[in-house]
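Dear colleague,

Please find below the structure that I am handing over to you. My findings come after it.

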Amino acid sequence: GQCRLLCKPSALAQHLVRSLGRSAALRGGRWPWPRWPQLQMLQQLLQPPEPEPVVARELLQLPDAGLVALDWLGGAWGAAGGGGGVSSPVLLLIPNAAGKVTGGLLQLGLRALERGFLPVIFNRRGHNGCPLTTPRLQPFGDPGDLREAVTYLRCRHPSASLLAVSEGSGSGLLLAYLGESGSSSRLAAAACLSPIFRGRDWFEAGMPWLYEWPLLLHLKQGLSRYAGSLAEVVDVDRLLGSRSLRELEETLFCRTRSRPTSWELYWERNEPLRDADEAAVPVLCLCSADDPVRGPPAQSLPRELFRSSPYFFLLLTPRGGHCGFPRRGPGRCWAHEAVLEYFRAMAEFLRTEERRKGLPRPR
């Protein structure tokens with residue numbers, strides 16, 4: 001109800017309209033506080049999933065000897081890291097830029113596991129308990145480490161469809177990867193929940209303290225573990241004394257001891273949509289007009305991108321907060337059902353096109 005799909009007209013767009021229109025996910029249910037997006041945001045950040053998932057961790061070594069962590073979700077519906085069989089689609093879950101794995105992201109992983117997906121969480125260097133073996137962290141829109149993880153997942157599950165979902169500010173990484181990789185992304189489809197499209201504007205505008213301070217504290221706690229090694233490259237006292245996410249980002253990536261750079265040049269290299277015209281994978285972006293974190297829709301939504309690109313789809317709802325999209329009953333978040341329905345519709349459309357054109361399935 002009251003959701004709008006903004007996109008360039010195409011056969012795929014018509015198929016998505018029909019599929020999402022038939023889905024019960026968008027009908028949802030009423031929430032007790034529909035006009036309080038801050039409460040929806042707190043619920044999404046703080047409420048743990050039910051049940052608590054079982055996680056099996058893999059550490060992936062990168063070319064510079066750094067590490068990222070892949071957490072495979074498993075439990076009553078399947079075994080971690082491949083229990084669904086070689087044909088089960090792999091769903092890569094990307095947390096927000098602070099590395100906070102929220103209850104909402106875990107709940108999406110559990111719902112996907114029930115549907116036969118193999119969900120795996122991508123943890124950046126030094127995030128969520130991943131060891132920091134080099135004095136280098138991942139900038140906001142640098143997809144290099146994500147590219148290595150996608151390559152590994154493709155090698156491990158060569159016959160499976162590879163899908164990706166990002167949450168909040170973590171969408172900056174996914175959008176940058178899709179733009180830089182173009183038709184070589186190895187993904188079949190992607191989705192972004194409450195994405196941040198304009199990184200520099202987002203950092204400079206600031207966020208509600210209910211969101212900014214918990215994430216800032218979460219980042220500082222993780223960085224403090226590596227204060228000794230980071231002291232070689234940054235001013236650790238200034239870093240841990242940062243009073244905003246912008247100050248922390250600027251200290252960590254611009255005011256380095258070896259290769260300092262300007263704030264402007266940093267964002268030339270890290271804006272999420274800098275290569276959006278090169279993206280060649282369908283991307284569904286679920287956004288709420290009352291999102292208190294992203295900012296006013298008129299300034300923060302790149303509507304022209306969705307009107308001109310055949311690969312970008314904007315599902316816009318009047319209310320839902322930031323990554324909240326709440327409803328009563330099981331699941332609590334209707335956006336999770338919408339994302340899974342979108343992936344189902346995408347797979348159905350691709351199968352239909354292959355049969356119509358007589359094309360062999362890509363290996």
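Predicted model: local features only at pLDDT ≥ 70, side-chain atom pairs only at ≥ 80, totals over all residues.

Residues are numbered from 1 along each chain as its sequence is written, and side-chain values use heavy atoms, with hydrogens and water left out.

The protein has 14 helices and 9 strands, taken as DSSP runs (helices H or I, at least four residues; strands E, at least two) numbered from the N terminus. Of its 363 residues, 55% count as buried; buried means under 20% relative accessible area, exposed over 50%, and partly exposed in between (1.4 Å probe, protein chains only).

The largest nonpolar core has 39 residues, and Leu92 and Leu178 have the most contacts inside it. Such a core is a set of buried Ala, Val, Leu, Ile, Met, Phe, Trp, Tyr and Cys residues joined through side-chain atoms within 4.5 Å. Helix α5 (residues 171-181) gives the largest share of this core, 5 residues. Leaving aside residues up to four places away in sequence, Leu178 touches Ser185, Leu187, Ala190, Glu278, Ala279, Val281 and Val283, a contact being heavy atoms within 4.5 Å.

The structure holds 0 disulfides, a disulfide being a pair of cysteine sulfur atoms within 2.5 Å. For Cys287, the nearest cysteine sulfur, that of Cys285, is 5.9 Å away. Cys287 is buried, at 0% relative accessibility. The sulfur of Cys323 is 8.3 Å from the closest cysteine sulfur, in Cys333, and is therefore too far for a bond.

A search of the whole structure finds 17 salt bridges, each a side-chain nitrogen of Lys or Arg within 4 Å of a carboxyl oxygen of Asp or Glu. In the pair of Arg156 and Glu58, the closest N and O atoms are 2.6 Å apart. This pair links distant parts of the chain, with Arg156 in helix α4 (residues 144-156) and Glu58 in strand β2 (residues 54-61), 98 residues apart. Arg156 is partly exposed at 31%, and Glu58 is partly exposed at 23%. Arg125 pairs with Asp145, the closest N and O atoms being 2.6 Å apart; here Arg125 is buried at 3% relative accessibility, and Asp145 is buried at 6%. Finally, Arg111, Glu114, Arg115 and Glu337 are linked in a network of salt bridges.

Yours sincerely
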